[in-house]
Structures are given as structure tokens and as C-alpha cells.
Amino acid sequence: MGFNPPVPQQDSNWEIRVVLQASLILQILLIFVGPVRKRSSSMVARFAVWSCYLLADWVADLALGLLLNNMGNFGIGGSSTSSIGLKRGGGNPTTGNSNSGSPIIFAFWTPFLLLHLGGPDTITAYSLEDNELWLRHLIGLLFELFSATVIFFSSLRSNPLIPATVLMFIVGIIKYSERTYSLYSGSVDGFRSIIMDPPVPGPNYAKLMTEFDAKEKAGLVVEIAIADGEASKAQKEAERREIMCKVSTDKSVEARAYDFFLVFRRLFVNLILSFKERRMSQAFFLELDDLKPSKAFEVIEVELNYIYDMVYTKAPIAHTRAGWVLRSICSSCLISALVIFFLLDKSGMKHVDIGITYALLLGGLALDAAALLMLLFSDRAAVFLEVHPSRFRWLGRLTRAVKRWHRKRRWSGMTSQMNLISYCLGKPDNYQGRRWWLKIAYKLGMEQKVDDLLFIRRVPLNKNKNKEEEEEPHLLKFIFDGLKDTAKNLTEKEEIMEVCNCRGNRVIDRYESDIKAVLGEEKLDMIRDTLVKSNFDESLLLWHVATDLCLLWEYTEAPPSEDTARLRSVSETLSEYMLYLLIKQPEMLSATAGIGLLRYRDTCAEARRFFASAAVWNPDHADARRMLLGVNTSQKPVVVKGDQSKSVLFDACILAKALRELDGEGLRWEVVAGVWREMLAFAAGKCLGSTHVRQLSRGGELITHVWFLMAHMGLGDMYQIQEGDSKAKLIVHEQ
């Protein structure tokens, strides 16, 4: 049985041993490192995951290639057990003391590479683009399965591990197939096909009109009536009661988020929702009086975690009944293969080969056990245990105890901050006094990476949270309260779209009388024009610099009140976060940013030239603010400079001076913070769902959570289906 392999190639036994162990180590690293990227926005964490992800496949492919290249050496020389195989050109199995051949145990190691290529449950795709290549992975599965089969058949003669090898082939094929299916499920086409509802043809129009035509030709007086009145009101009342019943039930955050996830996951492939689904979501996010902002954002956080699992992990198959069956089969095969190898006479094997084989078998079982534990303590498992409380009661009590003891973090919970003036000053490392390693990095073209390292700060959203009083995070509360107040009074689609297209002008309109009383009509119009008549990227840069200049606090001024201090902090955070998105995440503002990068570069160039005049004094941030505010801006910059440069530096100074004239800091910061909230909501609504999904694998972004919260509150253009099917019927009147 079997076939004669080609001419034996040069022996590479130790290379195979080393690469097999490296492949196992990478799988162990990947199962624990994989989930880190959704909880961290650090470049180091992303690089670690990226390296392990690429190396894991590359090393497994390398090991398979070495085995395929060396299969002609199986059984040539070696001991009676470890080197039973084929001689070149046929013949009987040979034994001897020569070490020139490859142990037959190598053939048993081959299916482990299929298992490793299947990857852990915690990561199947590093990016969205990997999911779109699912067909390539399918072809790779067939090719690698063929290669492994060739190696297996070349070792069939006198191979004592054939049953164990077959069992491991089953495990490898299942794991690799699970990964391929998960990649398909995470692709746009696969995701859409899974979540789309069955086609709805609607009421039978042709049948109704045929009956109408027949009765009319028969001389009867007939009309088509649309059901309305008491029946329609009763239906709406029943729908309202159903919605309130679903919302008012005592559910955990995971179960509540899963209910919304089944509806709102369609947004990530740009599908539409109905107004009934809008009312159901609003009943929870708008009508519950005791809903805290932190609870609302936690529901959004868990929903986005479900989306992450669907796109980047094996969740599409792992949480199904088929997934549990396949997991049971794999575990049984692994245990059976371990028992077979344990009972095998290994007297002639090398100790290193025995150790590697046990490491592969026990490592495979350990990876399977770790994946099972992660699955049992996942959010989806918590939902299942809550829906079926009579099953696995001990497990339900255990998961609840773990939840009370340790709060699970599902995203980074941080915002990246970037300040234009600090960047142009070169602080904390002055541009005129760079250290030697900075000079080398800049010469090597790594300016962007160095700038990211030095000038981008990551600030936790709950930095102001008082642990003793459990105070709500100021920024999240400010965003939630503003969106809630806006969404409560909107019912018509035209009103919703009008509000979603505002980027600060509604705030100016709200405080128009107060601003006009202090500044006059001309400056009021100037402030409004920076929002209405400017492109979004221009407005963003103008208000970023103006906000930074408004933050200058002189010792002669009275200290701000507690509420004003909160608004100052919120304004600064949102201002620097929006600039970060414009410059470092432009794809999230691609629909609104315009020529933002060009305008930013020109503004930075003008700012550096301006600060260079005072370089000998080494000005700090506060000095730079005073210098800018001290410039005479009685003439508009465009009149003096022309419009070749797109810099907005001194236009922002004019805006800042007007805002600083507002009577009292309370009004000033209510206006500034309100404008930034509207800008954030405007940018969030214009960003595509697929772009938001991409950020989930990079630690997540605040703008994604805001967009998803807006969708749940009914703010956006995703609601297209009005009231459903009409209830039409034929009425025949007596003649």
C-alpha cells in the first residue's frame, strides 16, 4: 500500500523539528494576543498581533514545504520504530543505525500543520481585506490538504501511527474549514447573505387589481379601501405594548445588546431599517428615565463587540450547534490520538521526537481547552445561559460571579489627542534641538511614525470619573444628553436629516440672542459663517485653533466654576480628537474632510514660521497662545495674503478673539462645547459602516460609538421603511 516518493532530497530533520515547535508557540501566542487589539490602540500591541498573525501562517507553510521536500527520506536509516518507511525505488522496510533518514513520526506531524493553519478561535482575519480573500484561503486549504495527503501516503508502509494520523487529519480539516467559513462570513457578501431577511414581495397587487377589474366589468360598484381607523389604531397600540414589554423586561447588558445587535448589524453592510425598529430602539435609549449614559454606552460597547467577533473571529461557526458538534469531534480526535501515541511502543524513537509529539498533542488539547473556556465566558454564552436558565445553572452562577469580580473591557476606552500648536512648536522635543535618534529617524523617512509617538496623546474617557461617588464620565454624559435632547423631538425623516446635517450652526442659533447682545450682528455672522459657509475641514481647523486659544487662562481672571471647567475639558478633548481624526484617520472623515490635509499642512507651515521669530525665547504653549492673540487682525488674512495658501491660522485668531469676548466663561464654553458635539455627530453620521468596522480591530474609536448610539436614537438616514404594508381590501356597494 502507498507509493514510491521521488528521489530523496537533502535531509533537513532538525529544521523540521524547530519549525514545528515554532508553529506551536505562535499558535499559543496568537490565541491570547489576538483579542488584545480590540482593547488597545497602542501601535506596539497592533504590531505584536500583526507579526504573530503573519508568522503563524508563514511558519506552518514553511514546515509543510520542508516535509514535502523531505518525504523521500522517510524511513531511510534510523531505528526500527522511528524510521520505518520506504527505500528509494521500493523494497522492504529497512532498519539500521544510520541517522541519514527521516523518522516516520514526521508523517504524523503533518496534519498538525493543517490544525495550525486553521488558527485559533480568537482571530481569523487581521483586517477586513483578509475576509474578502476567503476564496484564496479555500484554494489554499485544497492545495495544503493535497500536500499533506501526499506526505501521508508516502509513509503508509509499516507506519504504526496511521489511525492517529487519520484522526489528526480530521481535526486539521475541520479547523481549516472553520477558518475559511469564518472568513467568508466576515466578508461583505457573506455578512450580508447571513443577516438579510427573506425577500418580501408585499401584498398581491396583481390579484387585487384583477378582482377589481373583473367586478367593475360585471357592472358592480366597487372601490379599493385602505384599512384605517380603529383597526389601525389597535394595531399600533398592540405594537407599542409589545415594544414596551421588550424594553421593560429585566435583562442583562449582554442580552439587551444582543437583541439590538440582531437588528443593527445590518448597518455595517449599508442596509436599511424600518421605523418600527427605530421606535423599539428609542423606547430604550430615549424613553427610559433611569437610563444612565454609562449604561447606554456599555450596551453600545457590547454590541460592537458582537460585530467584532462576527468579522474577525470564528464566532460565526463557534456559537452555532454545528460549531459545538465540530468542537466535540476535534477534542475527541485529539484525545484519541494522544491515547494511541501513549500506548505505542516508542523504544526505538528519539527522545526529542517523543517530546515534540507530546508537545504537539498536549498543546493542541490546551489550545482547544483555552478556546472552550473563552467561549463559555463570552458575551454570547452569557446570553444563552440567561435565555435558558434551567440549563447549566452552575455555569450561569460562575459567569455571573466572574462578571461581578472582573469587568470585561471590550475596547480601548481612550481617545487620541493631537494639538496643532504643540505640534508646530515641536514640544516636547523642540524642532530646533532634536536628539540624534530623531534626526536619524527623520532622515530614514520615518517622520510620521516619530510624530505619532511624540505628539499623539491617548486619554481615557473616564479620566474625570470619581471612583468613590461613581460619577458619570463627563464627556460621555455630555454627548449622550445632547443627542438624547435632539432626538426626542424628531419624528419626520426630513427633520432628522436636517439635524444630522448640522455641524454647529444649531448651537449658534440657540444662543443667537445672547451672542448678539455681547458681540453684535457682524461678529455673530462671522461666527456662523465659519460653520455654514466653510468646508467641514476648514471649520474643524478654525475651531480647533480657536478652542486652543480660548483655553488660555490668565492669573487676573477668576477661576472657572465646576460646570465651566467640565465644559472646558470636554471642548479640549473633542477639539484635539477631531484634529486627530482629520490628520491621522482621514478615511473616517473622507466624506466630509475635503482638502483637509493640504489645509492642515499650510496652517502648520505658517505657524512654524510665526513661532520661529521667537525661537530664541523658547516659548511654551501658553506663550504661543499669547503671541497669536497679540497679532493685529483688523484686516482679513485673505485680503492681505491672497488665497494661494490654505492656512487658517489667523482666521482662527479672529474667531478666538470674538469667542473670548463673550460675557462670562459659561456662555463661551457652552457654545464651543456644543459646536464640537455637533461636529462629532455630523462626522460620525457621514462615515460608512465598513470604515467603522475596520476601527474595531484597532482598539475602537469614540466616533464609532457615537455613530452607533445615534442610530439607536433614530438619528441618521438608515431608516427608510415607513409603516409597512398597506391593508387594502375591495368593497362592493349595493346598486
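**Salt bridges and their surroundings**

Guide: Arginine 698 counts as partly exposed because its relative accessibility is 29%; buried means under 20% relative accessible area, exposed over 50%, and partly exposed in between, with a 1.4 Å probe and protein chains only. The model is predicted, so local features need pLDDT of at least 70 and side-chain atom pairs count only at pLDDT 80 or more, while totals for chains, interfaces and linings use all residues. Residues are numbered from 1 along each chain as its sequence is written, and side-chain values use heavy atoms, with hydrogens and water left out.

The partner of arginine 698 in a salt bridge is glutamate 587, with 3.7 Å between the closest N and O atoms; the term denotes a side-chain nitrogen of Lys or Arg within 4 Å of a carboxyl oxygen of Asp or Glu. This pair links distant parts of the chain, 111 residues apart: arginine 698 belongs to the loop between α33 (689–696) and α34 (702–712), and glutamate 587 to the loop between α27 (562–584) and α28. Helices (H or I, at least four residues) and strands (E, at least two) are DSSP runs numbered from the N terminus. Glutamate 587 is likewise partly exposed, because its relative accessibility is 29%.

Arginine 599 and aspartate 537 form a salt bridge through their side chains, 2.7 Å from N to O. Since arginine 599 lies in helix α28 (residues 596–612) and aspartate 537 in helix α26 (residues 536–550), the pair ties together parts that are 62 residues apart in sequence. Arginine 599 is buried because its relative accessible area is 6%, and aspartate 537 is buried because the value there is 0%.

Helix α26 also holds serine 539, which is buried because its relative accessibility is 0%. Apart from neighbours within four places in sequence, serine 539 is in contact with Arg503, Thr530, Leu531, Ser534 and Met679, where contact means heavy atoms within 4.5 Å.

A further pair joins aspartate 353 to arginine 17 in a salt bridge, the closest N and O atoms being 2.6 Å apart. It links distant parts of the chain, 336 residues apart, with aspartate 353 in helix α15 (residues 351–376) and arginine 17 in helix α1 (residues 13–33). Aspartate 353 counts as buried because its relative accessibility is 0%; arginine 17 counts as buried because its value is 1%.

Salt bridges also form a network that links Asp121, Lys175, Glu178, Lys314, Arg327 and Asp368. In total the structure holds 29 salt bridges.

These pairs belong to a chain whose secondary structure comes to 34 helices and six strands. Of the 735 residues of the protein chain, 52% count as buried. The chain exposes about 35,100 Å², of which carbon and sulfur atoms supply 57%; the areas come from the Shrake-Rupley method with a 1.4 Å probe, and for residues only the protein chains shown count as cover. Among contacts in the protein chain with a separation of 6 or more, residues 24 or more positions apart account for 81%.
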